[in-house]
Amino acid sequence: MIKVALAQIKPFLGEVNKNLDLHLDLIEQAHQNKVNILLFPELSLTGYLLRDLVPEVALHPSQSPIFQRLLKACQDLIIILGFVEEKEPGLYFNSVACLGRGQIFHIHRKVYLPNYGMFEEGKFFTPGRAITSFDFPYGRAGLLICYDFLHYGTSYALFSGGADYIFVLSAAPGRGFQESPGFASQRMWELMGETISFFSSVFVFYCNRVGFEDGKGFAGGSFIYNPFGQLIAQAPPLDKDMLITDIDPGDLQAARQKRFYRRDNRPEIIWRSLEKIIRND
Amino acid sequence: MTKINLEFVTHFLTSFIRQEYSKLGFQRAIIGLSGGLDSSVAAHLAARALSPANVIGLIMPYRTTPPQDLEDAREVAERLQLRTQTIDITPMIEAYFQSQPTDNNIQRGNKMARERMAILYDFSARYQALILGTSNKTELLLGYCTIHGDMASAINPLGDLYKTQVRLMARHLGVPARIIHKIPSAGFWPGQTDEAELGMSYEEIDQILYHLVDKRKSKQQLLSLGFPEEKIGRIISLIKASEFKRKPPLIPKLSERTVTHDFLYPYDWDK
């Protein structure tokens, strides 16, 4: 069994040091609960609605003392967290990093920056250009950030890259109130979580934040789907939570023996088809 | 309009109020209580979010304010066990209009709204209490409110609820029935009612606004849904005419970085 914790937290906007303390507290809590993997939400080190604060909170992971402190605190624990990355001077990315055991395993830079309605990420961030599965101590994983996950091609790329675990870090404001409790927007995350986990035979972990920034209320509702497409754990909407769940990696093999999407995947056909579409465009 | 989960909305709005007050460093809220629906609902939410001991109700009648409204405002405060203070604005208003006379009722009403605003801000400083707004989505969209008057506040929890939704919230929160069934009035002059002045009921207005704003339907689509052309037209023109009330004042851009143009920081900056 692997013990996974989803930290449904309320980061402080623009205050990296306060957020570092928040992360260190939760890392300590994770150690006490013998957690193996601890997942934070999108931009967990900085808060979400940064706008012109983006350059002020940006980090360079390999040189950042903050990352050094996180690595030191983690020991054997693996954490996945969100931050603003200054990849080269003046280029800022909405990034997530998977780290622990003294090293950074992978950094993903958000590819799909929402830039419509109340969202304006495209104005402040540079879009990432790659979606890559990577090896970490519990198998093969993929990282996605919020709106990345709502484009199903991203999960397909991770699935084809052999990911067993898809970690989605989110800062999704609730929108659309309705008769049942919670926001209408929660449904799209669950719909995608269920679909991707079922049709890719992977675990999907979705960690969303809570709290308010400028009147936008982040909806929480973090969840885990197993490789059979079953919801196995969920945090409440709106309120802070630390959702700790045991998952059975044996489910990966069992799901793939039942449904053969994985074995029968033909990425080369999809690749050729896409290539034709792109060339003819 | 779709049904809404009133308990969820209550939880959402009280969380919002609690978190904003904490971020902004205020324990206490101050609300202008009129005895009407919106301020009663705002007071109930504030009392739940911050505890009644931290909510101050200011009752600010004018000589033409119906005694029933005063009584209703006091009843809300008593039921919630809020601290209240009553300040009669008649002397200030009369003094001003004696020196600057007008028989324009709108001008008189706007002056009263701004007098109440000025008192609220003064009391905000006296009590270190942050002003909780009471403007609903219907009046904000139609501009049926006084800029720098009743629109002035620090945070405005009802701003995304239509008037008819505020009424549903009132029932859920236990606002006295007499207030829920009271005919809405801005109280600019005796006998004034919102619905007579707007020429339609809040049910009709909110349905049209919901389809126009929330559902992004065109005028043509609203017509095919059976809404009367004249009412749709009136609502659209009210929305357009009042956009200035929903925006900060325009600044002509001269420099490379300008307030309201490209000096872009969150409201919650450093909070």
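## A look at chains A and B

B:Phe227 is found in the loop between helix 11 and helix 12 of chain B. This is a predicted model, so keep that in mind as we go. With a relative accessible area of 17%, B:Phe227 is buried, because anything under 20% counts that way. Setting aside residues up to four places away in sequence, B:Phe227 touches B:Gln207, B:Ile208, B:His211, B:Leu222 and B:Ile232. B:Ile56, for its part, sits 171 residues from B:Phe227 in sequence and 42 Å away in space, C-alpha to C-alpha.

### Around helix 10 of chain B

Now to helix 10 of chain B. How do helix 10 and helix 12 of chain B cross? The axes of helix 10 (residues 202-214) and helix 12 (residues 229-241) of chain B come within 10 Å, with a crossing angle of roughly 70°.

Sorted by class, the contact of helix 10 with helix 12 of chain B has 8 nonpolar residues, no polar ones and 2 charged ones.

Helix 10 of chain B has other partners too. Its buried residues are B:Tyr202, B:Ile205, B:Asp206, B:Ile208, B:Leu209, B:Tyr210, B:His211 and B:Leu212. The buried residues of helix 10 pack against helix 6 (137-142), helix 7 (163-173), helix 9 (194-198), helix 11 (219-224) and helix 12 of chain B. After helix 10 of chain B comes B:Arg216, with a positive phi near 50°.

### Over in chain A

In chain A, the axes of helix 1 (residues 16-32) and helix 3 (residues 65-74) come within 10 Å and cross at roughly 10°, and helix 1 and helix 3 of chain A are therefore roughly parallel to each other. From helix 1 of chain A, A:Val16, A:Asn17, A:Leu20, A:His23, A:Leu24, A:Ile27 and A:His31 meet A:Ile66, A:Arg69, A:Leu70, A:Ala73 and A:Cys74 of helix 3 of chain A. By class, the contact of helix 1 with helix 3 of chain A splits into 8 nonpolar residues, 3 polar and 1 charged.

| Residue | Relative accessible area |
|---|---|
| A:Ser200 | 6% |
| A:Val168 | 0% |
| B:Phe227 | 17% |

A:Ser200 belongs to helix 6 (residues 186-200) of chain A. Apart from neighbours within four places in sequence, A:Ser200 is in contact with A:Phe159 and A:Arg262. A:Val168 has its place in strand 8 (residues 165-170) of chain A. With neighbours within four places left out again, A:Val168 is in contact with A:Leu39, A:Leu144, A:Cys146, A:Phe149, A:Val204, A:Phe205, A:Tyr206 and A:Cys207. A:Phe12 lies 156 residues from A:Val168 in sequence and 20 Å from A:Val168 in space, C-alpha to C-alpha.

### Where the chains meet

How many residues does each chain bring to the contact? Chain B gives 27 residues and chain A gives 26 residues. About 2200 Å² is buried between chain B and chain A, and carbon and sulfur atoms give 60% of that area. Within chain B, the residues that lose the most area to chain A are B:Phe8, B:Phe12 and B:Leu264, together 28% of what that side buries.

Key. Residues numbered from 1 in each chain as written. Chains lettered and ligands numbered in written order. Predicted model: local features only at pLDDT ≥ 70, side-chain atom pairs only at ≥ 80, totals over all residues. Heavy atoms only, no water. Helix = DSSP H or I, 4+ residues; strand = E, 2+ residues; numbered from the N terminus. Buried < 20%, exposed > 50% of the residue type's maximum accessible area, 1.4 Å probe, protein only. Contact = heavy atoms within 4.5 Å. Axes fitted to C-alpha atoms, helices over the stretch in contact; angles between N-to-C directions. Nonpolar A, V, L, I, M, F, W, Y, C, P; charged D, E, K, R; others polar. Buried area = accessible area lost by both parts, 1.4 Å probe. Parallel < 35°, antiparallel > 145°, perpendicular 65-115°, else oblique.
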